[in-house]
Amino acid sequence: MKQDETMKVKRYDDTNVNPDFVAERKKCTFNIELLTNIIDGSSYLTETRRQAQLAVLNNESFSNLPDRYYASRDEAYAQNIRKSAAYIKLLKEDKSISRAESYFMQCLIFPNEVPPFSLHTTMFTPTFESMADEEQKKLWMPRIENYEILGTYIQTEMGHGTNVRGLETTATFDPSTDEFIIHSPTLTSIKWWPGGLGKTCNCAIVMASLITNGRNEGIHPFIVQLRDFETHEPLKGGLTIGDIGTKLGFHGMDNGFVKFDQFRIPRRNMLMKSAKVTRDGTYQKEKKLEKLKYGSMVFVRAMLVFNQAGQGLAQAVTIAARYSCVRRQSEYAPGQEEPHIIEYQAQQHILFTELAASYIFYIAGNKLRELYFTMNYDIQKGDLSDLPELHALSAGLKALTLDEAVVGIERCRLICGGHGYSAASGIPKIYTEVVAACTYEGVHPVLYLQTARYLLKVYQAALLSSSASSLPDNQSSKYIFRHLHSERPRFHFPLSFVEIVEAFERRALMCIEKASKKLDGLLATGRPHHEAWNYSACYLIRAAKAHSHVYLTSSVHEQLETVRQEDAGVYTVLGQLFELYALKSIVDHAVEFIESCGITTDQINICIERIEALLLNIRPNVLPLVDAFDFPDRLLGSALGCYDGNVYQRLYEYALNSPLNKSTVNVAYFVYYIAINIS
Ligand SMILES: CCCCCCCCCCCCCCCCCC(=O)SCCNC(=O)CCNC(=O)[C@H](O)C(C)(C)COP(=O)(O)OP(=O)(O)OC[C@H]1O[C@@H](n2cnc3c(N)ncnc32)[C@H](O)[C@@H]1OP(=O)(O)O
Ligand SMILES: Cc1cc2nc3c(=O)[nH]c(=O)nc-3n(C[C@H](O)[C@H](O)[C@H](O)COP(=O)(O)OP(=O)(O)OC[C@H]3O[C@@H](n4cnc5c(N)ncnc54)[C@H](O)[C@@H]3O)c2cc1C
């Protein structure tokens, strides 16, 4: 990125800071900058992010006016398009902007929003790159990279989302014209939900059932132009396109629908890397590359762990923590000043356990992102051996971390009392964005079941093997092999970090064993496999969750081992957060740990006591721990969570700006009450 000499705006306003915050920050016992580097991945990435954020703050084209919480849907969409145009212009003009820089810029330009063009970068382009053959890439990529083509990803239909194989849209090859005819045969086959489809994108990858020579060959991807490149009008020839209307959140996004009515596209618009239709209509496929078509779903699921679960929860926690250090309430000791609400143990228990969870999701999410890029390198070269592992891991972790994050965000909102319910707190916006991720890219019961399917296969393999050596080191399920044939250790309390990881592994192994037994038991009664599978779902989902917890604890433990060599202060606070997250999970799932690890209810009580001690340990560092996330105020968009702690002044300004305050007597009130009373 080109450096801008005129960069003047500071990321924080550090003048006029609330004295309570100054006092809180003085209590810090560790090096905040080092922790920020760990969260970002490196000091280099911290610096890159800060430069990118400064570039956004210094550029007026990226301002959030009208106020994002008062904007109507039309205004929210228009604002996103204005900012998108400025952002894309910048990317075109400054080719030195790196992928990381553009990602950091995008997060701040569109705070807690998925902007209308985002499907272009997160799904359309990756799917095209992965599924198109070399000739197609040569033809299309320059216009895709140049944003002349702005694409979305069209898969879900009004009647089918989860069951991708059941999609009804057809792409029938017509050899007489060398074209495919895309068609929505029913109301339920209308494509529904794709981001940016309603108004913004001019092209799309469309997933449809390929029919050639009278045979249905299953779902395949096609690149389809939807709008005219000059006028932006929907193309003629059989397209009805529109916006699907108001949703829980995503107000600035035009999620859309499209009905295809015998719409024709050239044969070569089928993406032909792993399967193709020749000029005479012959269908050919490379079976081993078949699952590549699922690749973009794996990519986004893997990214959502740090991007939505980690970052979303961390933002809500930052807001709740800062507010808790400002807000005073209730008489604690008779006759004394009201304490800050952070001093109440009940507040600490919720806030600090969510703080711990946000660190765990962030750090494990970063590790998953790295793993994705490492494994995907081989996958794209045609070696798909790591794909099942990556699919199982990304599906389970997407589900578990987002399930826990949305509950955590809501708990953060609740502990902010009434002001948490105001849009000005920023938390409702974070919630509506993050909870959307629980639906898109796959609903969670379904994703857990995908993870469980893989785990049962690994378990079967482990039963037949006597060592873990047949699994590569990067396989997260290696513990199944390791523990299946080894004695359960005696756990000592309080648990060491190594013991914590082993306890999670033992619990996961037990859940997998139980799921396997349940399934086998039902099969043994003569039930068909699909029925036995369905009636084992509760066991299977428990196994998938337990396995995902293993990844969370073991990957953060691995990070702790590195930090231990580097800095004692950071190691201590990160270790406290790790222990708190782990012990709370053990207490929440006590029955499973008692049964799998041979521990007692008394030992669970030791965990509960230890949690209380950890709350006291974490208390002095609470503000520095959220400062370490290094969120600029604009990203948080919160009167309660601003860096300077001037909560009440900001809340008042927010209210004064309410559009309802533009007049002293509201026109509707005048028309319906005063005017009627007068007559
Ligand atoms: C620095 C960079 C930073 C970047 C930051 C990015 C930030 C992100 C921001 C996010 C913005 C996103 C905006 C919103 C986007 C929403 C897009 C969508 O929702 S789009 C719509 C999303 N829609 C959904 O998510 C729909 C959910 N439904 C599905 O995913 C599937 O259809 C299904 C899995 C449920 C069933 O499928 P079915 O065919 O019945 O499957 P079977 O069960 O019969 O298994 C068959 C075999 O295939 C295997 N396999 C399966 N999946 C995968 C995979 N992904 N892979 C590999 N393998 C997979 C499976 O294991 C099995 O293997 P085996 O055992 O035979 O060896
Ligand atoms: C904000 C948002 C953005 C989106 N963006 C896009 C996009 O860009 N492109 C796109 O193509 N799609 C998009 N989607 C669609 C999204 O991917 C689907 O909504 C999602 O995959 C779920 O499909 P569905 O809505 O049809 O739910 P269904 O599949 O009907 O599932 C409904 C419920 O039934 C249960 N269920 C279903 N099947 C099973 C099963 N096999 N086992 C157990 N339980 C089951 C689950 O509880 C599930 O929650 C988006 C959705 C949202 C909310």
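The shell around ligand 2 takes at least two residues from each of β1 (151-154) and α13. Helices (H or I, at least four residues) and strands (E, at least two) are DSSP runs, numbered from the N terminus. This is a predicted model, in which local features need pLDDT of at least 70 and side-chain atom pairs count only at pLDDT 80 or more, while totals for chains, interfaces and linings use all residues. Residues are numbered from 1 along each chain as its sequence is written, and chains are lettered from A and ligands numbered from 1 in the order in which they are written.

Ligand 2 is surrounded by 20 residues, and Gln155, Thr156, Gly161, Thr162 and Trp193 are the closest. A residue is near a molecule if its C-beta atom, placed from the backbone, lies within 6 Å of it. By class, this shell holds 11 nonpolar and 9 polar residues, with no charged ones. Here Ala, Val, Leu, Ile, Met, Phe, Trp, Tyr, Cys and Pro count as nonpolar, Asp, Glu, Lys and Arg as charged, and the others, Gly among them, as polar. Domain 2 (149-285) and domain 3 (290-442) each give at least three residues to the shell around ligand 2.

Ligand 1 has 29 residues around it, the closest being Val164, Tyr294, His391, Tyr440 and Gly442. Two or more residues come from each of α6, α8 (295-324), α10 (387-414) and α13 (444-464). Helix α8 has the largest share of the shell around ligand 1, with 6 residues. The shell around ligand 1 divides into 14 nonpolar, 11 polar and 4 charged residues.

Helix α12 (residues 427-436) is mostly covered, with 7 of its 10 residues buried. A residue is buried if 20 or more other C-beta atoms lie within 10 Å of its own, exposed if 12 or fewer, and partly exposed in between, with C-beta atoms placed from the backbone. The buried residues of α12 are Ile427, Lys429, Ile430, Tyr431, Glu433, Val434 and Ala436.

The chain is divided into domain 1 (26-123), domain 2 (149-285) and domain 3 (290-442), with bounds from an automatic or database domain assignment. The C-alpha centres of domain 1 and domain 2 lie 31 Å apart. Their contact takes 13 residues from domain 1 and 15 residues from domain 2, where two residues are in contact if their C-beta atoms, placed from the backbone, lie within 7 Å. On the domain 1 side, α4 (73-93) and α6 (118-131) are the elements that give two or more residues. Of the elements on that side, α4 gives the most, with 5 residues. The domain 1 side is made up of 7 nonpolar, 4 polar and 2 charged residues.

Residues 499-669 are 77% helix and 0% strand, and the end C-alpha atoms are 66 Å apart.

The chain as a whole has 24 helices and 11 strands. Of its 679 residues, 44% are buried. Its C-alpha trace spans about 90 × 80 × 60 Å along the principal axes.
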